[in-house]
Amino acid sequence: MKLNMTPAWQALQAHRDATRDLNLNTLFAQNPDRFERFSLGLNGLMFDFSKQLVTEETLRRLVALARQQNLQGRIEDLFGGKKLNITEDRPALHTLLRDRSIYSVNEEGETVSHQVQRVLDQMRPFVDKVRSGQFKGFTGEAIRDFVHIGVGGSDLGPNLACLALESGEPGPINMHFVSAMDGVQIVDSLKHLDPATTAFIITSKTFTTIDTMANADRAKAWLLAACPDAEKACRQLIGISVNKQAMSAYGVASSQQFEFWHWVGGRYSLWSSVGLSVALYLGMHTFEGLLHGAFIADQHFRTAPLEQNIPVIMALLHVWYLNFCKCGSRVVLPYTSCLKYLPDYLQQLEMESCGKSVSNDGEWLDVETSAVIWGEFGPNGQHAFYQSLHQGNQMVPADFIMVCKPPRADNYDQHLLSVANCVAQSQALMTGKSEEDVRAQLQREGLDEEHIERLLPHRMYPGNRPSSTIVLDELSPKNLGMLLALYEHKVFTQSMIWNINPFDQWGVELGKQLSKRMYDELQSGDTSTHYDGSTKGLMNIFRTHSR
């Protein structure tokens with residue numbers, strides 16, 4: 001039976017039809033305890049969804065949908081190592097990276113828990129060596145700068161964590177990130193670095209990713225230009241990959257090859273050796289704090305009742321707005337600049353996971369599965385797109401992220417200003433500003449009635465715009481790990497509701513395949529007769545103007 005014809009789905013559709021005039025201001029007036037009822041806590045994190053356009057009945061019907069789709073069983077399948085990635089015939093064991101004690105999954109003759117522990121045991125002494133100044137370059141000087149080369153999840157996760165958790169105080173090393181394939185980023189980075197004291201972390205699952213390896217080639221050539229002794233120069237290369245043979249062929253010493261595995265998807269790779277950059281920059285204790293926080297979220301997701309399960313409620317609200325309220329996008333608004341990369345990270349996590357139109361049964365879906373996820377650091381957003389959030393004619397559910405304790409000890413007043421804006425914006429989206437309130441304000445400003453009537457419709461806010469607020473008591477490694485893992489489980493829950501595979505990403509492959517052929521043809525001057533007129537025209541324009 002098609003999902004949208006099932007009893008739970010039909011019941012939700014009827015409920016939506018009956019509650020189209022729901023008003024948040026009225027809901028709060030009717031229930032003074034709404035905040036307490038519609039918020040959940042977890043070990044330093046609080047999820048407030050009281051400003052969502054839902055009632056107790058809405059939540060009951062959404063949970064009934066989750067039960068109909070056997071969500072609890074699918075959660076156990078995830079933690080039990082079932083091969084949920086059906087198109088690649090493998091399990092998704094990223095939660096194992098956070099807790100090795102509950103697994104006995106066997107891969108290639110060795111339990112996965114032992115594989116993970118082995119790599120952690122390799123990371124610790126290497127991190128100590130680097131941070132103590134014992135990792136030296138070809139001149140014998142200590143390496144002070146690391147350039148992390150990756151793309152997608154192997155860039156977004158470490159970059160997010162390093163910025164979010166840095167103390168603001170100088171550490172023993174500097175960390176730089178390069179992901180752009182056009183060469184501008186790597187060239188600009190190298191201008192300010194010394195090859196004698198710089199090392200490169202090349203992060204690629206296959207060690208053949210074209211954009212990553214193009215940047216790696218530029219970095220390696222830069223080292224060799226300063227140190228023609230290839231063996232010495234390559235001592236400043238660190239590899240993170242599934243493909244040990246390719247790392248060795250590239251010149252990466254075996255002691256500096258850090259493995260991860262095919263069952264770690266790129267958007268879940270922060271928790272693996274891909275997080276080496278975080279450990280090097282901020283210390284192994286910081287990386288392990290991230291893992292611990294994610295483990296707390298894992299345990300909550302696995303054991304909490306559906307009605308009190310934070311990622312389940314987050315996901316069900318998303319299903320409600322996308323499928324029943326027809327809201328095609330959701331905005332993520334962190335109110336600390338330390339989390340400025342969070343919207344980008346969540347965009348990949350959700351859109352790459354849920355951007356599917358075929359079910360696990362191979363049937364075309366009749367329901368939407370992928371909202372557009374976007375966002376910005378809150379104050380920047382206020383001066384860019386909040387106008388549309390407040391007065392535009394599309395409803396966009398929002399996730400506000402707020403931190404109580406200032407990430408920097410010396411900026412409490414400015415941090416307070418940021419928090420005030422966060423809470424005020426969520427209130428303004430909900431309450432709006434009525435005709436009566438606008439009229440009274442304009443009268444206080446001394447405007448005549450004709451002027452008031454002209455301005456009135458432009459100054460009103462419709463309000464009734466839904467949002468959630470996630471509050472962290474502080475931006476610690478544990479809390480960041482919890483936050484990211486809760487969003488992971490939110491995405492997993494949605495995918496199980498829709499019966500799609502969130503662990504593959506075949507949609508990115510076609511463009512990669514075509515670009516390889518096109519790159520060769522742009523170099524050679526040839527043009528395939530199979531291209532359409534627009535593609536041929538664009539290639540010809542490039543050839544005309546590129547040199």
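**Close-up views of a predicted model**

View 1. The domain assignment gives domain 1 as residues 1-18 + 43-83 + 287-430 + 465-503, domain 2 as 110-281 and domain 3 as 505-544. The structure shown here and in the other views is a predicted model. Between the C-alpha centres of domain 2 and domain 3 the distance is 31 Å.

**View 2. F301 and F492 form an aromatic pair.** The structure holds 17 aromatic pairs. In the pair of F301 and F492, the ring centres are 6.2 Å apart and the planes stand at 90 degrees, an edge-to-face arrangement.

**View 3. R34 lies over the rings of F28 and F38.** The distance from R34 to the ring centre of F28 is 5.6 Å. For F38, the charged end of R34 sits 4.2 Å from the centre of the ring.

**View 4. The count of disulfides is zero.** A disulfide is a covalent bond that joins the sulfur atoms of two cysteines. The cysteine sulfur closest to that of C327 is in C325, and because the distance is 5.4 Å, it is too far for a bond. The cut-off for a disulfide is 2.5 Å between the sulfur atoms. C354 is in no disulfide either; its nearest cysteine sulfur is that of C327, 17 Å away. C327 is buried, at a relative accessible area of 5%. C354 is buried as well, and its relative accessible area is 0%.

**View 5. Three residues carry the UniProt feature "active site".** An unreviewed UniProt entry places this feature at E352, H383 and K512. These residues are spread over 161 residues of sequence, and they are spread in space too, with up to 35.9 Å between C-alpha atoms. E352 and K512 are included in the lining of the largest pocket. The place of E352 is in helix α15, which runs over residues 342-354. With a relative accessible area of 21%, E352 is partly exposed; the cut-off for a buried residue is under 20%.

**View 6. G152 is in a loop between a strand and a helix.** The loop that holds G152 lies between β5 (145-149) and α7 (153-165). G152 has a relative accessible area of 29% and is partly exposed. A225 is 73 residues from G152 in sequence, and the two are 29 Å apart in space, C-alpha to C-alpha.

**View 7. F207 and N499 have a positive phi.** Most residues other than glycine have a negative phi. F207 is not a glycine, yet its phi is positive, at about 60 degrees. The place of F207 is in the loop between β7 (198-203) and α9 (210-226). F207 is buried, with a relative accessible area of 4%. N499, also a residue other than glycine, has a positive phi near 60 degrees. N499 is found in the loop between α21 and α22 (509-524). The relative accessible area of N499 is 26%, and this residue is partly exposed.

Key
Residues are numbered from 1 along each chain as its sequence is written. This is a predicted model: local features need pLDDT of at least 70, side-chain atom pairs count only at pLDDT 80 or more; totals for chains, interfaces and linings use all residues. Side-chain values use heavy atoms; hydrogens and water are left out. Domain bounds come from an automatic or database domain assignment. Rings of Phe, Tyr and Trp (its six-membered ring) pair if their centres lie within 6.5 Å; planes under 30 degrees apart count as stacked, over 60 as edge-to-face and the rest as tilted. A charge sits over a ring if NZ of Lys or CZ of Arg is within 6 Å of the ring centre and within 35 degrees of the ring normal. Buried means under 20% relative accessible area, exposed over 50%, partly exposed in between (1.4 Å probe, protein chains only). UniProt positions are given in the numbering used here, feature names are shortened, and annotations may be inferred rather than shown by experiment. On a 1 Å grid over the protein atoms alone, a cavity is a set of points where a 1.4 Å probe fits but cannot get out, and a pocket is an open set with protein on both sides within 12 Å along at least five of seven lines; lining residues have an atom within 4 Å of a point. Helices (H or I, at least four residues) and strands (E, at least two) are DSSP runs, numbered from the N terminus.
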